[in-house]
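Biologist: Could you take a close look at a single part of this protein for me? I would enjoy a connected walk through whatever you find there.

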Amino acid sequence: MTAIQQESDPDVMLGQLLTTALRSSGATSAAVLERGVGETLRPVQEVCSVHGAVTATSTLPSQIGIGDLRSPLWTVLLGRATLRWTTPEEGPAPMSQTSGWHSGVVLRMNARRGATRVLALGGLPESEEPDIALLQGLGDVVAGSLAGLELTRAAERSDAVLTTITDLAGELGAAVSPQQLLVAITRGLSELESVDGARIWEVTATGEPRLVAGEYDGDLPGSELTERRLEGLASPDVTPSVRALLEAESRGYKDGPLVTLAVLTSEPTRVLGIAHAEPLDDLSRSVVRSLIGAIEPAMRKVGLAAERRSLLSRYTESLMPRGRPGDLDIAVELHANTRATGSFGGDFYDWFELPDGRAAVALGDVAGKGLVAAGASSMAVWSLRALVSGTLGMADLVETLDRVVQDQLDSERFVTLALVAVDPTTWHVELVLSGHPPPIVVGGGAGHPVEAAPTPPLGLIGRPIDEVTSFSLEPGEMLVLYTDGVTDATAENNQRYGAERVLSNAARLSATPGISAEELAAELWFSVQTWAGGAPDDDCALLVVARPA
């Protein structure tokens, strides 16, 4: 199982899973199926056992219909049941009617993120029952590892998208004519990995669309269907509901790529068309939506710099955590030293729920400032999200992240990190500190630093193994984490704000009856700004977790 987890090639990982499943169950066929388009499953990898030898095969159809909601396959996909059959009549069509699948079992590979997959075994021996618990465990381990690989690759793609957006924002800012803006948009979109090409049409006086910008070698629009959608979007009388249908992805022409069309500007009406072989991922969709919302003001030359910042900040929104794990009272004050990256700079934070039900909170700092630091911090956030979907302990998680940082950043750049795991029922806390300022615990007007054994920052070759520090939060106490931008904030007399002032101010504020995590974080940030006479020069972050009294 450990060898499977350590594998970095998804195909090899799936092959190891299927081989292990075959040998442990005595089945003759095994496959991993993935949720496809509509009500279908598609085989990702399939093997069979012949005289004890495991070989790749392809017996199942390319698409397996799930059927209506009464189908037992639906219950498996929803994680509520394991589907087992001993005769073809009991099994799902067309699986049970396929050679080697007259009997079988299908179970969901559970993962917190990633694609929906199931592990299927066929030709099970009649003399003994398969070890479902073992098979489920194998599937879950591989599903978590695959989700981690997918998120790591998403992090790499997000870094490339950030570079594209930054370059595009510079082109938009340098454009001196509407045509230059339109050309920059189509060029920037065409450079996205998931996009094959982009074009922009403008409605003429006769009501017909005229191509005004675009780079694409294929035949777009090239079909009567796409032409009708294009004309419908260009019509001033189209209703919002019809426009939503017209903007949906559809096949632009026979056997061609998918085509997404959306209204870009209103006076005159311009329509943006994007060709892509597969449906756009969420990040690419975010870029397109940001462009659609931002380009009309840019065309009018009003607030162009603000729209450029908006374009970048919308990207960074994908790095912000959603909701609060375990309904914790948690708050953050994050302030980048430059507005070029929106609210995300070299400092970063995230929170999420661990597989064991605990809440994890991370606060980190990438060496450097500006866009370069922002790109590195986005890599750290995506890598963290990839790793927490597995079953690594706190120290192992940070050690794995350290190797990722070493691989992704140059030798002069490093990352400090405070990673905290909180049990929301017992309020037992585990802390790993990697080159980061130690957090403090305050409550009732008193406070103290957490005595933790720090290790050097992530990304330094030869750094020692991290140590886990354990403690508990008492009722009414608050845990305060911060980056060195807070302590380095400097007054006019060149005196630093310092860690002692963080502790004394936080302790004083904690005596306020009923103070929340959000109020404590806001008041602390206000005191830092007051001390520095405005926003400090460095990125600053304060994060507070409060236990109810």
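Modeller: Helix H11 covers residues 394–408, a run of 15 residues. From its first C-alpha to its last, H11 reaches 21 Å, close to the 21 Å expected at 1.5 Å a residue. Please keep in mind that this is a predicted model.

Now for burial along H11. Met 394 and Ala 395 are buried, and so are Leu 397, Val 398, Glu 399, Thr 400, Leu 401 and Asp 402. Further along the helix, Val 404 and Val 405 are buried as well.

Ser 25 counts as buried because its relative accessibility is 7%, under the 20% cut-off. A polar atom of the Ser 25 side chain lies 2.7 Å from the backbone oxygen of Ala 21, and one lies 3.3 Å from the backbone nitrogen of Ala 27. Beyond its neighbours within four places in sequence, Ser 25 is in contact with Leu 121, Leu 124, Pro 125 and Pro 130.

As for the setting, the protein chain has 14 helices and 22 strands, and 51% of its 549 residues count as buried. The chain exposes about 24600 Å², with carbon and sulfur atoms supplying 50% of that area.

Conventions:
Residues numbered from 1 in each chain as written. Predicted model: local features only at pLDDT ≥ 70, side-chain atom pairs only at ≥ 80, totals over all residues. Heavy atoms only, no water. Helix = DSSP H or I, 4+ residues; strand = E, 2+ residues; numbered from the N terminus. Buried < 20%, exposed > 50% of the residue type's maximum accessible area, 1.4 Å probe, protein only. Areas by Shrake-Rupley, 256 points an atom, 1.4 Å probe, with all protein chains shown as cover. Polar contact = N/O pair within 3.5 Å; in protein donor to acceptor, adjacent residues only side chain to side chain. Contact = heavy atoms within 4.5 Å. Expected span 1.5 Å × (residues − 1).
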